[in-house]
Amino acid sequence: MDTTAAKYYVSWYRWQAQDSYALWLTMPYEDALWADEMG
């Protein structure tokens with residue numbers, strides 16, 4: 001995965017009464033989303 005042209009976005013969300021964060025990467029030919037269940 002070439003991340004040199006990637007843009008990164010961090011998002012806060014609340015799921016089942018717990019606060020969490022997700023990292024969304026957008027690249028010219030693909031997107032990715034990471035979320036850490038451990039917070």
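1. Is tryptophan 24 buried, partly exposed or exposed? Tryptophan 24 is partly exposed, with a relative accessible area of 42%. The classes used here are buried for under 20% relative accessible area, exposed for over 50%, and partly exposed in between (1.4 Å probe, protein chains only).

2. A word on the basis of these notes. This is a predicted model, in which local features need pLDDT of at least 70 and side-chain atom pairs count only at pLDDT 80 or more, while totals for chains, interfaces and linings use all residues. Residues are numbered from 1 along each chain as its sequence is written, and side-chain values use heavy atoms, leaving out hydrogens and water.

3. On confidence: pLDDT is the predictor's confidence in each residue, from 0 to 100. The protein chain averages 79, and 79% of the residues score at least 70. Strand β1 has the highest mean, 87, and β3 the lowest, 73. Where pLDDT is low, the predicted coordinates should not be read in detail.

4. On the fold: the protein chain has 0 helices and 3 strands, in the order β-β-β from the N terminus. Both kinds of element are DSSP runs numbered from the N terminus (helices H or I, at least four residues; strands E, at least two). Of the 39 residues, 15% count as buried.

5. On the aromatic residues: the model has 1 aromatic pair. The ring centres of tyrosine 9 and tryptophan 24 are 5.0 Å apart with the planes at 35°, so the pair is tilted. Tyrosine 9 sits in strand β1 (residues 7–15) and tryptophan 24 in strand β2 (residues 18–26), so that the pair links distant parts of the chain, 15 residues apart. The rule takes rings of Phe, Tyr and Trp (its six-membered ring) with centres within 6.5 Å; planes under 30 degrees apart are stacked, over 60 edge-to-face, the rest tilted.

6. On charges: arginine 14 forms a salt bridge with aspartate 19, with the closest N and O atoms 2.2 Å apart. A salt bridge here is a side-chain nitrogen of Lys or Arg within 4 Å of a carboxyl oxygen of Asp or Glu.
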